[in-house]
Amino acid sequence: MNFNEIEQVLRTREYALNMRPVLNSKALFSDETANYRTPFEPEMGDRVTIRFRTWMDNVDYVFFICGSEKIPMKKEYTKGVFDYYSYTTEPLTGPVHYFFEVCTGNQKCFYNSQGVSKDLQEYNSFEIVPGFRTPDWAKGAIMYQIYTDRFCNGDETNDVEDREYIYINEGVRRVRDWNRPPESMDVRDFYGGDIKGIWEKLDYLQDLGVEVLYLNPIFVSPSNHKYDSQDYDYVDPHYGVIVEDGGECLPEGDQDNSHASKYIQRVVNKKNLEASNRFFAEFVAEVHRRGMKIILDGVFNHCGSFNKWLDRERLYENMEGYEKGAYISKESPYRNFFKFNYEHGWPYNEFYDGWWGHETLPKLYYEQSPELEEYILNVARKWLKPPYSVDGWRLDVAADLGFSSEYNHEFWRKFRKAVKETNPDALILAEHYGNANSWLRGDQWDTLMNYDAFMEPVSWFLTGMEKHSDEFREDMYGNAEAFKNAMKHHMANFCAPSLQTAMNELSNHDHSRFLTRTNHKVGRVHELGSDAASDGVNKGVFREAVVIQMTWVGAPTIYYGDEAGVCGFTDPDNRRTYPWGEEDHSLLSFYKEAICIRKENPVLTHGSTCFLALDYQLLCYGRFSEENQIVVVINNGKEEKEVNVPVWQAGVPRQAFMERLMMTLENGFSMGGAAYRVEKGNLYLKVPPICAMILRRI
C-alpha cells in the first residue's frame with residue numbers, strides 16, 4: 001500500500017469516527033427490578049439474565065463487569081427506540097456484584113446503581129444475593145401503623161384507672177376527654193384505645209385500602225407506648241379483656257407498687273392474661289378473614305423495670321406461678337438476663353445496666369445467657385404460630401441489641417432462622433437509621449423503616465424541615481438535586497427484595513406529623529404549645545407528599561390519623577387520638593383515590609424508577625416497565641412552572657398520549673379530566689403552584 005492509499009484509509013476512518021453518533025447517555029438504563037433481572041429473587045444454582053437498555057443503534061459494545069471478568073453482552077432485541085442487551089450468568093454460588101461499561105467509537109462510560117459515570121465506581125455496583133427473598137404480600141403493600149391507646153376505645157371496662165399504679169414517680173392517669181391533646185409529659189396518660197377498638201374499625205381500614213396493620217407494642221407494659229415490656233408472653237389486658245377485676249388503686253401518698261392490688265390483679269392474674277391472648281387470636285383471625293396481614297412490634301434490646309424477669313416494682317414477688325425476679329433475689333433464674341454491676345446488692349439490687357442509662361429500660365444481656373436468647377426466640381416463634389399466626393415482626397432499635405456488633409449479627413441470624421422456619425412468609429422489618437447493608441444480606445433482616453431513602457429526603461424537599469421539626473434548612477427546601485442524590489445513594493444500600501418491602505412513612509410515633517412540618521415551625525410541644533402544630537399548615541404540600549408516597553418504590557405506610565388531618569410536633573404530641581367524627585373528609589377522599597391508583601397500577605410496586613426533570617421546587621420522575629409507564633410531576637413552588645418532561649427516558653413512545661389520573665392543588669384535588677400529547681418523546685406541561693400530577697401513558 002502506497003502513501004496515498006494509507007492517507008485515504010486514515011481519512012475514511014477519521015470521517016467514520018466523526019460521523020458516529022454521540023453516545024446518548026440519557027437512554028442508558030438498568031436496575032435490579034424484574035424488568036432488568038430475571039429471576040428477581042434467584043436461589044443458589046440459578047442462572048440470572050441481566051439486561052441493559054441503550055438508544056437504538058447507538059453503541060458498539062456493552063460489557064457486563066463482575067470482579068475481574070469483563071464480558072460482552074449480546075443485543076437481545078429492539079423495542080421502540082431502545083436496544084436491549086443481555087447476559088446470563090453461570091449458576092450462582094454466592095453474592096454477585098456487577099456494573100456495566102458502554103462503548104461507542106472512542107467514547108466510553110460506566111453504569112452502576114448511581115447511573116452513568118465517567119469514572120469506574122465499583123463500590124456502587126448492583127448486587128445479587130442468591131436465596132434472599134422477602135414476602136410477596138409485603139412488596140408495595142399499603143400498611144397502617146396504629147398506636148393502640150390513641151386509635152379507638154372499644155371497651156371502657158379495661159381502661160387504666162387513675163393511680164392504678166405508679167410509673168416514673170407519679171400515678172398513672174385515665175384521660176376522659178378523648179380530644180385533649182397530649183401533655184408534654186404524656187407517658188403516664190391513658191386514653192383507653194384497645195384491640196376491640198381496632199376490631200370495630202376494620203371496615204373503615206378496609207374501605208381506606210389498608211392491606212397490612214402494624215401495631216406498636218401490645219404486650220403487658222406500664223407505659224402507654226409499651227416499649228418497656230413487662231411480659232412478652234401476654235397481650236396487656238388493658239388492650240385485651242379483663243375477666244377478673246378487683247383490688248384497689250393506690251391512695252395519694254402511697255408510691256409502692258407492691259400495694260397496687262388492682263394493677264396486680266389485672267396484669268398478673270393468669271386468667272386475664274390468657275383471656276386477652278385468646279381475644280387477640282380471635283382478632284387476628286378476623287384480620288386474616290378480611291385478607292389483611294398484621295405485624296407486631298418486638299422490643300428485644302431492652303425490657304422494662306416492671307418486667308417479671310427483673311420485678312423491680314415487686315409485683316410478682318409473692319405471686320404463685322412466678323419465679324423470683326433478678327432484682328429480688330440473687331438466686332433468680334433470670335439473674336443472668338441482666339448486667340448487674342454490683343454482685344452483693346441483693347435483695348433488691350438496683351445496680352444494673354439500663355439502655356442509654358434509663359433504669360426503667362434494663363438492657364438485656366444475651367451474651368451471658370443462652371436461656372435469654374432461647375426465650376426471646378421462642379417469643380418470636382410463639383406469636384407467629386397458631387392460634388395467633390401474626391405475619392411478621394417490626395424490630396425496635398434492632399442495631400442496638402447485644403453488647404457487641406459481632407453478637408448483634410449472630411443473634412439476628414438466629415432470629416431469622418427461627419422466624420422463617422416457623423413461617424417462611426413472615427416479614428422481618430427493622431428500625432434503623434443509616435446504612436443497614438450488613439444486616440440486609442438475606443440472613444438477618446428483610447427490610448427497614450425507610451428513614452434515609454424516603455422520610456428524610458421527602459421532608460427536606462417539600463418542607464425544608466428535619467423529621468423531628470427540630471430544624472429548618474433553606475438550602476434543602478425545594479432542592480431537587482439533593483433529593484435525587486439522597487434517594488439514589490440510600491436506595492443503593494438496599495438489596496432489591498428489601499427495597500420493595502421498605503416501610504415508607506411520612507410520620508410515625510417517633511417524629512413530628514408531616515402535616516405539621518408544612519408550617520415550618522421549629523420546636524416541640526412544650527415550647528410552642530399544641531395549637532401551634534396546626535397553625536399555618538399547608539394541606540396542598542401534604543398532598544404532594546402523599547402522591548410521592550403512593551408512587552414510590554416500597555410499602556406506603558400511613559401513621560394512623562394522618563389521613564384524617566391529625567397534626568402534632570414530635571413525641572408525645574404526634575400521639576394524639578384519632579379524631580372520630582371530626583375527620584377531614586376531603587383528605588380522606590384524597591387518600592382513598594391515591595391508594596386506588598397505587599393498587600390499580602402494579603408498575604408502582606414492581607416497576608423501575610428514573611428521574612426525568614429537576615429544578616428548584618420541581619421534581620419529575622417515572623415509574624415504568626416496557627408495557628406500562630407512569631410519570632409524576634411535583635411543583636412545590638408558589639408560581640406556575642412550564643416544564644418539558646423527557647418522558648421517553650421512562651419508556652413512553654415518542655408519539656403518544658398520557659392521561660392525567662390525579663392532580664392535587666393547594667386547596668384540593670381532582671381525578672382525571674385531561675389528556676396530554678407526547679411529541680418526540682417529550683411532554684410539555686404548565687404545572688400550577690403547589691401541585692402534584694400523576695399521568696399514565698394511554
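I began with the term I needed: two strands pair if DSSP finds at least two bridges between them. The model is predicted, and I kept that in mind.

Entry one, strand 24. I found that methionine 143 stands opposite threonine 557 in strand 24. Strand 11 (residues 143–146) pairs with strand 24 in the parallel sense, over 3 bridges. I then looked at strand 23 (residues 503–505), which runs parallel to strand 24 and is joined to it by 3 bridges. There, asparagine 504 has proline 556 as its bridge partner.

I noted 4 strands in the order 1-2-6-5, with antiparallel pairing. Strand 1 (37–38) and strand 5 (74–79) are at the edges with a single partner strand each, so one side of each has no neighbour in the sheet. I counted 2 bridges between strand 1 and strand 2 (residues 49–55). Threonine 38 has threonine 49 as its bridge partner in strand 2.

I saw the axes of helix 6 (residues 370–384) and helix 7 (residues 405–422) come within 9 Å and cross at roughly 30°. The crossing is right-handed. Contact residues include Ile376 and Leu377 of helix 6 and Phe411 and Phe415 of helix 7. By class, I listed 9 nonpolar, 1 polar and 3 charged residues in this contact.

Conventions. Residues numbered from 1 in each chain as written. Predicted model: local features only at pLDDT ≥ 70, side-chain atom pairs only at ≥ 80, totals over all residues. Heavy atoms only, no water. Axes fitted to C-alpha atoms, helices over the stretch in contact; angles between N-to-C directions. Left-handed = near helix turned anticlockwise from the far one by under 90°. Contact = heavy atoms within 4.5 Å. Nonpolar A, V, L, I, M, F, W, Y, C, P; charged D, E, K, R; others polar.
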